[in-house]
Every structure is written in structure tokens, then in C-alpha cells.
Amino acid sequence: MIFSSLEKALKKAKTNIFSRLNQFFTSKDAIDISFWDTLEECLIESDVSYQLVQDLLIELKTSSKENNINSYDSLKNELKRILIEELDKYKKDLSSNIPQIIMLLGINGVGKTTAAAKLAHYYHNRYGSNPLLCAADTFRAAANDQLSIWAERLNIDIVKHQEGADPSAVLYDSIKAASARKKDLVIVDTAGRLHTKKNLMAELEKMMRIAKRESNPETIEVLLVLDATVGQNGLSQAKAFSQHLPVNGIIITKLDGTAKGGIALSIVRELRIPISFVSTGESVDDFLPFSSSEYCNVLLDI
Ligand code: GDP
């Protein structure tokens, strides 16, 4: 079944993002001191970083005073408004700039290869793009194999080399193949061995130079894939990658798992990068563009 909205997909995945926050809002009936303490705890438990929680609470308290908000529902709506504003700070309109190259970054196991296939499927269905998959994780034979299976399943062209080949060479060949075969989108699956390893970053930087040299730099999208179930660790991964590469969007995966969801807020705040897509399962359709209002509806069970 294809879900048209993120809200439905998250609800179907029975996600427990912010579950405690939801329970909290349904169980409370008075706004007293303990209300603010418990709200603080709930937000921190949901993986919103400490400083951001403090800022959000100050804003909520101030606006509830200024606007004379004392009903429960109004306060919840006000929190939703604040969260949406936070999440939309660096928002980009996906449809106004269809990329020609998407480089996917992230450590092993976050869902990068799966996201490459899902993105190909999404751009083809939504914008009629003709994608080509570039198997640039030459470090692991399994990654190549997995991407090939997706390519066959979705009937998408793939360019791959032998295990151990130079990923930049695979990228170069992919760009040339795309132009010869009239493909308009190259989706690049990259290696994700330990993000702290310097040589991985050097390898990714080299690929970026090739991509820029061989195509219009304006049409390159660098998306970082983060597994929502790893919480605050995802934030340090994101920092490590974004120090080396110009990450322009985040894909949050595994929101159907035990994710707490607040990490989305911390990422946007700390890295000033928008969330572009979310993944809520292993099937190709469990992948949708991010919508802050739908996300917050689920967070706050509205
Ligand atoms: P990579 O190492 O980053 O390329 O990660 P993979 O794409 O190989 O994914 C690792 C595992 O996570 C695979 O078993 C995927 O099926 C699974 N996976 C990817 N995205 C999701 C998701 O959104 N939800 C769930 N539950 N599993 C996912």
C-alpha cells in the first residue's frame, strides 16, 4: 500500500517517537510547576538535546504568558507551532531544484544502500526522473550486491566496478554512462566504514571534486543518512561528515524502530541542515519527503 502522507506512514509504522510526550499530554489536566518539569523530562527523553529543550521551554512559557494560554490543547498547539518553526528554519523546496547527482553519506548499517534505491524510485515516480545507481561503496562486496539486487528489482541501470576499485572512478564512469544513456539523475551509494577514519573523508572529498568537475555543481545534492534509533550518536556522526562535505539535507531512517524522534530537532538546530526525507520501513515505498507539520502531528498525537 502506498501512503501519500508521512503522517499515515508514521502511524502505520506504529512509531513511538515522543511516546512519553504523547502520554503526558493526554494524562495532564493542569498547568502547574510539575507540568513544566515533566515536559522538560519528556523532551530530553525523546532525544532533544538539553540546550534546545531549555530554549523551547522558555519560548513556550513566554508565548503562553503573552497569549494568555492556559488550556491544555492550546498549549500543545503552541508547542507544535514552535517545533514546526524550528524544523523549518533551513527548509528547502525539493521540487524547485531537482538534482542531477545525489551523493549519499553515512556510516555502515544506517540504511544508505536502501535509501539509494528508494530515492531512485521516488524521483522516478514523483518527477519522472531517469535515475542511474552508482555503486561507489567498493570497500564491501556486499554493498555492491545489495545495490545490484535493488537495481534489478526496480529495473534501474547500475554502474559498478570490482571490489576495491577507486570509488571516484566508479563515479566518473557513472556520470559518463548517465550522459550516454540519457539518464538525468545519478544516485551515489558511498562507503561508510568508520566515519572517524580520515581516509574515508579524503575519499569522499575526492568524489565531490569529480562530481563538481563533471557536472553542474548547483545540481549536486549531498544527503547524509542517519539511523534515528542511535539517538545522540547520530548527531556526532552528522557533525563529522558535515565538517568535510557540504551536506545539504538529512535522511532519517528507521523511524519505524525504537526511534525517539526528537533527534530531528537537534540535527536541524545544531547543524543548520534541513531534514529532506524519512524512511519508515524496509519496503521501497516506506520513504517520504519530510513534512514538519505532519511529523509534529505524530509527535504530539494531534
Ligand atoms: P548501509 O550499510 O548504510 O548501506 O545500510 P543498508 O541500506 O544496507 O541497511 C541496513 C539494514 O537496515 C538493512 O537490513 C535494511 O533493510 C534496513 N533498513 C534500512 N532502512 C530502514 C528503515 O527505514 N526501517 C527499518 N526497519 N529498516 C531499515
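Predicted model: local features only at pLDDT ≥ 70, side-chain atom pairs only at ≥ 80, totals over all residues.

Biologist: At what angle do H5 and H12 pack?

Modeller: Helices (H or I, at least four residues) and strands (E, at least two) are DSSP runs, numbered from the N terminus. Axes are lines fitted to C-alpha atoms, for helices over the stretch in contact, and angles run from 0 to 180 degrees between N-to-C directions. Here H5 and helix H12 (residues 292–299) pack at about 140 degrees, with axes 9 Å apart. H5 is therefore oblique to H12, given that angles under 35 degrees count as roughly parallel, over 145 as roughly antiparallel, 65 to 115 as roughly perpendicular and the rest as oblique.

Biologist: Which residues of H5 and H12 meet?

Modeller: Contact means heavy atoms within 4.5 Å. From H5, Lys80, Leu83, Ile84 and Leu87 meet Ser292, Ser293, Tyr295, Cys296 and Asn297 of H12. By class, this contact of H5 with H12 has 5 nonpolar, 3 polar and 1 charged residues; Ala, Val, Leu, Ile, Met, Phe, Trp, Tyr, Cys and Pro count as nonpolar, Asp, Glu, Lys and Arg as charged, and the others, Gly among them, as polar.

Biologist: How many residues of H12 are buried?

Modeller: Buried means under 20% relative accessible area, exposed over 50%, and partly exposed in between (1.4 Å probe, protein chains only). In H12, 6 of its 8 residues are buried, among them Tyr295, Cys296 and Val298.

Biologist: How do the axes of H10 and H11 cross?

Modeller: The axes of helix H10 (residues 232–244) and helix H11 (residues 263–271) come within 10 Å and cross at roughly 30 degrees. H10 is therefore roughly parallel to H11. The contact includes Leu235 and Ala238 of H10, and Ile263 and Ile267 of H11. Its residues divide into 5 nonpolar, 3 polar and 2 charged.

Biologist: Which residues have the most contacts inside the largest nonpolar core?

Modeller: In soluble globular proteins, nonpolar side chains tend to be buried together. A nonpolar core is a set of buried Ala, Val, Leu, Ile, Met, Phe, Trp, Tyr and Cys residues joined through side-chain atoms within 4.5 Å. The largest one has 94 residues, and Leu104 and Leu119 have the most contacts inside it. Not counting residues up to four places away in sequence, leucine 119 touches Ile102, Leu104, Ile187, Leu223, Ile251, Phe277 and Phe287.

Biologist: Where is aspartate 157 placed?

Modeller: Aspartate 157 is in strand E3 (residues 157–159) and is partly exposed, at a relative accessible area of 26%. Leaving aside neighbours within four places in sequence, aspartate 157 is in contact with Pro131, Leu132, Leu133, Arg181 and Lys183.

Biologist: What is the phi of asparagine 68, a residue other than glycine?

Modeller: Phi of asparagine 68 is positive, near 55 degrees. Asparagine 68 lies in the loop between helix H4 (50–66) and helix H5 (72–87) and is exposed, at 61%. Lysine 182 has a positive phi near 60 degrees, lies in the loop between helix H8 (167–180) and strand E4 (185–190), and is exposed at 69% relative accessibility.

Methods
Residues numbered from 1 in each chain as written. Heavy atoms only, no water.
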